[in-house]
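Start with the whole chain, then look at single residues.

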Amino acid sequence: GTQPALISPYMSGSSSDFSNINLTIANIVLRSGYLTATPMTMVNAAFTAFFQAENVTVDVAATATQQFATAPSTGGIGIITPSNDNGAFEGVRDLSVTGYTIGLRAGEHLDMQNLSIELCTLGVQLEPSYHSLNIGRAYIGRNVTNIEADSGSPSQIHIQIQNFDTEHSTSGWD
């Protein structure tokens, strides 16, 4: 299709139709091309019931100097976590995402610790939700927009961030 994903265990198209998959990703680097015509989503777990990631790096095949010079292609997403009404077991530890249009799309029930997202057009996109999500220590910086709430139903987002660090370092494209 027009939005391929390297890892996507189930894609139904309906948030009420989750798979019963517990997707666990650990100790891995996932790397895609940079500035490609069809940008890749590296992990699309939107319709998996449960999701865990630990010690995961998601980046692009470009140096920091190259990324500072040219904005990410439209459409590439680092990781999409499960959408609303998931199985309420979502844990992410030690995650680094660099160089995507959206670094992380985060849904409810997500519990994250040690998050680093940089050099993306949008660092973290928060999905509207019924239940909360928690971020422990997070560095989200050097993005055009660091955190943004997506629109939709429900029209609320419950989030707690315990330790947030950011910086803005301009590049040639932001």
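Of the 174 residues of the protein chain, 47% count as buried. Buried means under 20% relative accessible area, exposed means over 50%, and partly exposed lies in between, with a 1.4 Å probe and protein chains only.

This is a predicted model, in which local features need pLDDT of at least 70, side-chain atom pairs count only at pLDDT 80 or more, and totals for chains, interfaces and linings use all residues. Residues are numbered from 1 along each chain as its sequence is written, and side-chain values use heavy atoms, with hydrogens and water left out.

How confident is the predictor? The score is pLDDT, the predictor's confidence in each residue, from 0 to 100. The protein chain averages 81. At least 70 is reached by 83% of the residues. Strand β7 (residues 102-106) has the highest confidence, at a mean of 93. Strand β12 (residues 159-165) has the lowest, at 79. Where pLDDT is low, the predicted coordinates should not be read in detail.

Now follow the chain. It holds one helix and 12 strands. Helices (H or I, at least four residues) and strands (E, at least two) are DSSP runs, numbered from the N terminus. The order from the N terminus is β-β-β-β-α-β-β-β-β-β-β-β-β. Contacts span the sequence too. Among those between residues at least 6 apart in sequence, 67% join residues at least 24 apart. A contact here means heavy atoms within 4.5 Å.

Next come the charges. Side chains of opposite charge can pair when their charged atoms come close. A salt bridge is a side-chain nitrogen of Lys or Arg within 4 Å of a carboxyl oxygen of Asp or Glu. The structure holds five salt bridges.

One of them pairs D111 with R93, with the closest N and O atoms 3.1 Å apart. D111 lies in strand β8 (residues 110-118) and R93 in strand β6 (residues 89-98), so this pair ties together parts that are 18 residues apart in sequence. D111 is partly exposed, at 28% relative accessibility. R93 is partly exposed as well, at 31%.

Another bridge joins E127 and R105, whose closest N and O atoms are 3.7 Å apart. E127 sits in the loop between β9 (122-126) and β10 (133-141), and R105 in strand β7, so the link ties together parts 22 residues apart in sequence. Is E127 buried or exposed? E127 is buried, with a relative accessible area of 8%. R105 counts as buried too, at 17%.

R142 pairs with E118, the closest N and O atoms being 2.5 Å apart. R142 is in the loop between β10 and β11 (145-149), while E118 is in strand β8, so the bridge ties together parts 24 residues apart in sequence. Both R142 and E118 are buried. Shared partners also link salt bridges: R105, E127 and D150 form one network.

The accessible surface of the protein chain comes to about 7800 Å², and 48% of it belongs to carbon and sulfur atoms. These areas come from the Shrake-Rupley method with a 1.4 Å probe; for residues, only the protein chains shown count as cover.

Which residues make the nonpolar surface patch? I147, I159, I161 and F164 make it, with an area of about 290 Å². Patch residues have over 30% relative accessible area and no salt bridge; like charges are joined within 9 Å, and nonpolar side chains (Val, Leu, Ile, Met, Phe, Trp, Tyr) within 5 Å. Strand β12 gives the most, with three residues. I147 belongs to strand β11. I147 is partly exposed, at 31% relative accessibility.
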